[in-house]
Structures are given as structure tokens and as C-alpha cells.
Amino acid sequence: MAATTCSAQKIWINTDLATLDPSVEAPYGMLTNHAIGVRNGKIEFITPMNGFDLDRVTGELIDAGGACMTPGLIDSHSHLIYGGQRAGEFSQRLGGASYAEISRAGGGILATVAATRSLSEAKLVEQARPRLEALLAEGVTTVEIKSGYGLTVKDELKMLRAARTLADDYPVRLRSTLLAAHALPPEFQGDAEAYIELICKELIPRVAQEQLAEAVDVFCEPIAFSLAQCEKIFIAAKEAGLGIKAHVEQLSNSQGAALAARFSAWSVDHLEYLDAAGIAALQQSGSVATLLPGAFYFLGASKKPPVEALRQARIPLALASDLNPGSSPLASLRLMMNMGCVLFGLNPEEALLGTTRNAAAALGLGATIGTLRVGKAADMLLWPIEDPAQLSYQFGALAPRQRIFAGEICDA
């Protein structure tokens, strides 16, 4: 690299790169004292500073002064768009009511459904802005946003369009997910099969045709949808060319992870009750296991996901916010990194991998984002830190020095 002219639009020099690239054997894929060049939104080159001739460089030079650069953070599971709030349920749970009891009494997801249906698309966007801005301010450059609080064709589409509008207004990559199988809507009580038919025959084809989502998701639990019902949705999604994600094994062992693995799911999420058979299925499918410590914490759960067994099986682990009004009203992916370590026993490198490389894979984007590697998107963060472990060690007082999205330095 030093023998020829290095040309890029922007070049960061004197930076330590936590690449998270598996081809770099050092912890965090660390490359000490390097330069990284960006052109047309992608990483053009990465080279050591030793022997790097600045006189042969064309492009804007940015001296990082020894700061650490990481890939942009990726929140691979959020319910960021919704109406209303559920602080009352928080009080109920503190008084001893369970999540399932609140749901059966008409609270839970259906309470948010009523609030979401009552709002226009513009109002949903307006209410979601502070949540998205909080994520971006701490380094998120890609976010997944699910539907699932509309539960009609009109309202599910409204949520997905709101997500698109929101993402268009900010420097962030969006992956939208259709989660119509989140709860049985009031109009279909006693006739779940008719609602599944609506999702498969009308909603999924419409979403695919209008390109409003990249994947479908399901809530596979006794209080939500059965294995057979979820399988019908997966079949319809595959026929429509959509990816597969799943909320599984959060409240019980329903064998949802094994079902999703059969459909080569991008990710299976929650997993507190995941068993050995589910782990074996994930090992075969290559699906990402997404851990959601915010919901575990907020619901006061006691059964933890089988992290060590997942680790031993070499199943990639992602961490996500699960930002939602009922079980994780926590707009902080950095907090999830800390919780992943403290509550679930991840180490700081696993936590950062879980919000970069593995989170990208959980969204079907592993080839384009998630690591610092030539040819990948230049979504990057420059941090005033000495050790990447600081990103899991503390939150709230540590913000990126620079947030780089598609090669451009931008505010959240």
C-alpha cells in the first residue's frame, strides 16, 4: 500500500481498529495503529501506519489520535414503532402479576394494539423519533423495526410504512420485519386459523409486493401461536422471498427454535427455555441466537438462556434491545451489552460481536455490514476509549467521538 498512491474520499489515520473480522486472529480482530480509507460509502483500504506514506495520499485526512474505531452498532430486534405506553402494567408486575396473566386480562400486546390502531402513520413516526434518536446517539447505525401492533392489514402496513418514513429521515440502515403473528387480534378471538389465513394469503403477499419488509417474525408460545400455525407463516414467507425470524422459547419450550431452524431462519430470539434439541437444530441451520436481556431484566425472569451450551455449540450470539412498551421499554443497545455480560455471562468481546458481526447475520446482512473489512459498508464509530471492553463496562457517559454512516461523518 505504501508503494503506491492511496486514493480515498476520507482516510482516518492513527487509529486502532476493532475490526471484529474473523480473519484477524487478535481479540476483537484488533489492528493497532492503522489507517482506513473510505470511498463511495464503502471501505476502500485498511493498512498499517508503519510505512504509510502520507505524501502519497489523496483524500481528506482525519487524524484519530489513537482512538479506537469499531463497526457501527446493529440493533437486530426492536419494536420501536408503537402507540401509547404501559406503565400501569409495570406497576401490576411489581405487585405480583405475571406477563401471561396481564395478557389474558386484556393487557399486554393487545393494549398496545388498541393504542397503535388509533394513531395515524405520521403520529406513529412522531412518537418513535425519540426512541430512534436515543439508539443512534449511542452508536447504532442499523436497526430492525417490527410491525405487530396493528394486527389488521391496514394497520400492519401503516406500521411498516412508518418505519420506512422514519428511516428516511435519519442516517441509519433499516430492516423491516412483518410480525403480524404477534398476538391474536380481538376480531379473530376463537378463530386463530382464519387470522393465519389472512396473514398468509393477503398480508404477506402484499408486504412482499410493496417491498415493505425483508422478513417475517412469529411469536411461538401457548399464549400466542402454535407450531403448526407458525409453520404455515414460514411457508408463505419463503414463497414470497422473505427471510425468517422468530420469538421462541421465551416463556416455555415450544420447540419453536427447531421449527425456525428447519426454515433456515436468520435468527431465533429470546431462548430462555431452549433445549438440547433446539441447540442441535440451530447448529445445523447456522441461525443466529439472539439474546434479549432487557426483557429478561424488565420482566424479572429467573431462567436464563443456555449461553454456555450455545457457546460450546459455536452458535453465533447476537444481543438486541427488544425495545417495546411492555417488556423492554429500554432504548439503549449499550445497556444490553452490559446486561448481556452481567446477567447472561457473556464476555465484552462476545457482547460487541453480538451487536456488530452476529447482529448483521441475524438480519441477513452479514456480507455487507458488521465488520471493518475492505468492500463492506463504511458504517463506523470512533470511540474515546483505550479498550473495547469499555463499551460493555459502562454506558450513559460514553458516546462515540464520531459516528460515520456510509462513509460520512454525521450526527445522530
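Is E210 buried, partly exposed or exposed? With a relative accessible area of 30%, E210 is partly exposed. Some notes from going through this one; keep in mind that it is a predicted model.

1. Start with the partner of E210. R161 makes a salt bridge with E210, and the closest N and O atoms sit 2.7 Å apart. This pair ties together distant parts of the chain: R161 belongs to helix α5 (residues 153-168) and E210 to helix α6 (residues 192-210), 49 residues apart. R161 also counts as partly exposed, at 28% relative accessibility.

2. R164 and E214 meet through their side chains in a salt bridge, 2.9 Å from N to O. Again distant parts of the chain are linked, with R164 in helix α5 and E214 in the loop between α6 and β9 (215-220), 50 residues apart.

3. Next, have a look at R173 and D379, whose side chains form a salt bridge at 2.5 Å, N to O. These two are 206 residues apart: R173 is in strand β8 (residues 173-181), while D379 is in the loop between α14 (357-362) and β14 (380-383). R173 is partly exposed at 27% relative accessibility, whereas D379 has 6% and therefore counts as buried, the cut-off being under 20%.

4. Salt bridges with shared partners also bring E144, K146 and D217 into one network. The count for the structure is 18 salt bridges.

5. On to the β2/β3 hairpin. Strand β2 (residues 30-39) runs antiparallel to strand β3 (residues 42-48), and six bridges join them. I36 has I46 in β3 as its bridge partner. Two residues lie between the strands, and N40 takes a positive phi near 50° in this hairpin.

6. N14 has a phi near 55°, positive although the residue is not glycine, and its place is within strand β1 (residues 6-18). N14 is partly exposed, with 23% relative accessibility. A406 also has a positive phi near 55° without being glycine, but A406 is found in a loop, between β15 (402-405) and β16 (408-409). Its relative accessibility is 28%, so A406 counts as partly exposed.

7. Last, what does E350 touch, leaving aside its neighbours within four places in sequence? The contacts are R311 and G345. E350 lies in helix α13 (residues 348-354) and is buried, at 16% relative accessible area.

Conventions: Residues are numbered from 1 along each chain as its sequence is written. This is a predicted model: local features need pLDDT of at least 70, side-chain atom pairs count only at pLDDT 80 or more; totals for chains, interfaces and linings use all residues. Side-chain values use heavy atoms; hydrogens and water are left out. Helices (H or I, at least four residues) and strands (E, at least two) are DSSP runs, numbered from the N terminus. Buried means under 20% relative accessible area, exposed over 50%, partly exposed in between (1.4 Å probe, protein chains only). Contact means heavy atoms within 4.5 Å. Two strands pair if DSSP finds at least two bridges between them. A salt bridge is a side-chain nitrogen of Lys or Arg within 4 Å of a carboxyl oxygen of Asp or Glu.
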